[in-house]
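Visitor: I'd like to go through this one label by label. Could you tell me what stands behind each term?

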Amino acid sequence: MARRHRAEKREILPDPIYQDERLTKFVNSVMLDGKKSTAERIVYGALELLKQKAKTDKPLEIFHEAIDKARPDIEVRSRRVGGATYQVPVEVRTGRAQALAFRWLIGNARKRSENTMTERLSQELMDTANGRGSTIKKREDTHKMAEANRAFAHYRW
């Protein structure tokens, strides 16, 4: 790990269709093996399916709502004190919360049973925006774990 200074954040260009930086980051998270055009096809296809299913002309709002509902507020981090390891609840930074939401959404979409990744992703986004599904369950489990370990909050650093 570098000890001199933090790595500077790279400038991310907004995506070409919706002009949204968050969507660009999401496409980059979906991407496997550097195949960005495939990732873009999956994400834009999922947004089109959302547009049809929700009968709305703003699928980006559903996308943002799903991301905001999936973001954790608090998580546990391991902290070693005197030979014992404690799970200490800490608040999640904004960038990490967004990264976790992306990771959970994409991971749970990949586990679904629909035929194509486009269908899986659109359904997972829809479920998360409606407050149900495995992504919301993952967030709730994270919050429960932090709540259960609240007694160790004084070990925060």
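Guide: Along the sequence the protein chain runs α-α-α-β-β-α-α-α, which gives six helices and two strands. Keep in mind that this is a predicted model. The C-alpha trace spans about 55 × 40 × 25 Å along its principal axes, and 37% of the 157 residues count as buried. Among contacts between residues at least 6 apart in sequence, 60% join residues at least 24 apart.

Visitor: How do you describe the packing of helix 3 and helix 5?

Guide: Two packed helices are described by the angle between their axes and the distance between the axes. Here helix 3 (residues 59–70) and helix 5 (residues 117–129) pack at about 65°, and their axes are 8 Å apart. Helix 3 passes helix 5 in a left-handed crossing.

Visitor: Which residues meet there?

Guide: From helix 3 come Ile62, Phe63, Glu65, Ala66, Lys69 and Ala70, and from helix 5 come Leu125, Thr128 and Ala129. By class, that contact has six nonpolar, one polar and two charged residues.

Visitor: Why is threonine 128 called buried?

Guide: The cut-off is under 20% relative accessible area. Threonine 128 has 0% relative accessibility, so it counts as buried. Threonine 128 is found in helix 5. Not counting residues up to four places away in sequence, threonine 128 touches Ala66, Lys69, Ala70, Leu105, Thr135 and Ile136.

Visitor: And threonine 135, buried or exposed?

Guide: Threonine 135 has 0% relative accessibility, so it counts as buried. Threonine 135 has its place in helix 6. Leaving aside neighbours within four places in sequence, its contacts are Ala70, Trp104, Leu105, Asn108, Glu124 and Thr128.

Visitor: How many aromatic pairs are there?

Guide: Two rings pair if their centres lie within 6.5 Å, and by this rule the count comes to six aromatic pairs. One of the pairs joins tyrosine 86 and phenylalanine 152, with 4.8 Å from centre to centre and 35° between the planes. Elsewhere, ring pairs link Phe26, Phe63 and Phe102 into a cluster.

Visitor: Why is the pair of tyrosine 86 and phenylalanine 152 called tilted?

Guide: Planes under 30 degrees apart count as stacked, over 60 as edge-to-face, and the rest as tilted. At 35° between the planes, the pair of tyrosine 86 and phenylalanine 152 is tilted. This pair links distant parts of the chain, with tyrosine 86 in strand 2 (residues 84–91) and phenylalanine 152 in the segment after helix 6 (134–148), 66 residues apart.

Visitor: What makes the pair of tyrosine 86 and tyrosine 155 stacked?

Guide: Stacked means planes under 30 degrees apart. The planes of tyrosine 86 and tyrosine 155 are at 10° and the ring centres 4.7 Å apart, so the pair is stacked. Tyrosine 86 lies in strand 2 and tyrosine 155 in the segment after helix 6, so this pair ties together parts 69 residues apart in sequence.

Visitor: Why is tyrosine 86 called partly exposed?

Guide: Partly exposed lies between buried, under 20%, and exposed, over 50%. Tyrosine 86 has a relative accessible area of 21%, so it is partly exposed. Phenylalanine 152 is partly exposed at 26%, and tyrosine 155 is partly exposed at 23%.

Visitor: How do you know that aspartate 15 is buried?

Guide: Its relative accessible area is 3%, so aspartate 15 is buried. Aspartate 15 has its place in the segment before helix 1. Leaving aside neighbours within four places in sequence, aspartate 15 is in contact with Asp20, Leu23, Thr24 and Tyr44. The C-alpha atoms of aspartate 15 and phenylalanine 152, 137 residues apart along the chain, are separated by 42 Å.

Conventions: Residues numbered from 1 in each chain as written. Predicted model: local features only at pLDDT ≥ 70, side-chain atom pairs only at ≥ 80, totals over all residues. Heavy atoms only, no water. Axes fitted to C-alpha atoms, helices over the stretch in contact; angles between N-to-C directions. Helix = DSSP H or I, 4+ residues; strand = E, 2+ residues; numbered from the N terminus. Left-handed = near helix turned anticlockwise from the far one by under 90°. Contact = heavy atoms within 4.5 Å. Nonpolar A, V, L, I, M, F, W, Y, C, P; charged D, E, K, R; others polar. Buried < 20%, exposed > 50% of the residue type's maximum accessible area, 1.4 Å probe, protein only.
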